[in-house]
Number of protein chains: 2
Amino acid sequence: MSFLAHLESIVRQVDGAIAASVMGFDGIAVETHKLEDPADLELWTLWIEYSNVLGQLRRAAETLKTGELTEVAISTDKVLTLARTVSPEYFLILALKPTGNYGKGRYMLRLAAPQVRAEL
Amino acid sequence: MSFLAHLESIVRQVDGAIAASVMGFDGIAVETHKLEDPADLELWTLWIEYSNVLGQLRRAAETLKTGELTEVAISTDKVLTLARTVSPEYFLILALKPTGNYGKGRYMLRLAAPQVRAEL
């Protein structure tokens, strides 16, 4: 199964999903699947910003000995973003409409993470 | 109802809760209630780090026009952290054991946020 198949599967099965990606902590997406164009949303710029923040959180987790960073969820009025660490270099990221299925999104990322990791 | 009463109510009602705080985006806690000492966890240092990250996310939300930042959840192996914006200056933050009730935590913060805001 390619990365794209995993991403398509996530976006298809989560209500309100807009796009999903396998992304590096350096802000560069390896593979992306988007369901629709997020019109007035600067999603890719937002994800670059978020990847920077995720990198910071990962370093903080190391420094402060809280164990590995596993998951981050960021909600704003217009978009929900769920991210899950896949490896020290990569994470899965999923954007949802504010009305999207947050719980299912978390579940699908948790399920996909080890499968994506196995293919890195 | 004082801030402390809200914080006590949150910590009491959420399974696995360790501590809750009303905190400024500048990293200074206004009021804190902790249920137990998080032993090997540098919780307060972690929260200062997180408040810095929340400030960044709030600014990114403004710049990228995604609407206001409402909620952030950060999971590591040893601690779950839920935060909810209360005002442009303050947020509620709740630390849980990894086995804590994530959904109930989100619900309680959503409930408490407007009440805390009304008292700021």
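1. Let me start with the polar side of the interface: 15 residue pairs, both at pLDDT 80 or more, are in polar contact between chain A and chain B. A polar contact here is a pair of N or O atoms within 3.5 Å; within protein, one must be able to donate a hydrogen and the other to accept it, and residues adjacent in sequence count only if both atoms are side-chain atoms. Salt bridges across the interface number zero, taking a side-chain nitrogen of Lys or Arg within 4 Å of a carboxyl oxygen of Asp or Glu as the rule.

2. A word on the basis: this is a predicted model, in which local features need pLDDT of at least 70 and side-chain atom pairs count only at pLDDT 80 or more, while totals for chains, interfaces and linings use all residues. Residues are numbered from 1 along each chain as its sequence is written, chains are lettered from A and ligands numbered from 1 in the order in which they are written, and side-chain values use heavy atoms, with hydrogens and water left out.

3. Chain A and chain B each bring 30 residues to the contact (heavy atoms within 4.5 Å). Between them they bury about 2,600 Å², with 57% of it on carbon and sulfur atoms; buried area is the accessible area (1.4 Å probe) that two parts lose on being put together, summed over both. Of the area that chain A buries against chain B, 22% comes from Leu64(A), Thr66(A) and Tyr102(A), more than from any other three residues.

4. Now the strands (DSSP runs of E, at least two residues, numbered from the N terminus; two strands pair if DSSP finds at least two bridges between them). E3(A) pairs with E3(B), residues 69–76 of chain B, in the antiparallel sense over seven bridges. Within that pairing, Val72(A) has Ile74(B) as its bridge partner.

5. On symmetry, a rotation of 180° with 0.0 Å of shift along its axis superposes chain A on chain B, with an RMSD of 0.0 Å (least squares on the C-alpha atoms of residues with pLDDT of at least 70 in both). That is the relation of a two-fold axis. The same surface serves both copies, as 100% of the contact residues of chain A recur in chain B.

6. Finally, within chain A, E1 (residues 17–24) and E2 (residues 29–34) run antiparallel and are joined by five bridges. Ala20(A) stands opposite His33(A) in E2(A). The two strands form a hairpin with four residues between them, and Gly27(A) in the turn has a positive phi of about 90°.
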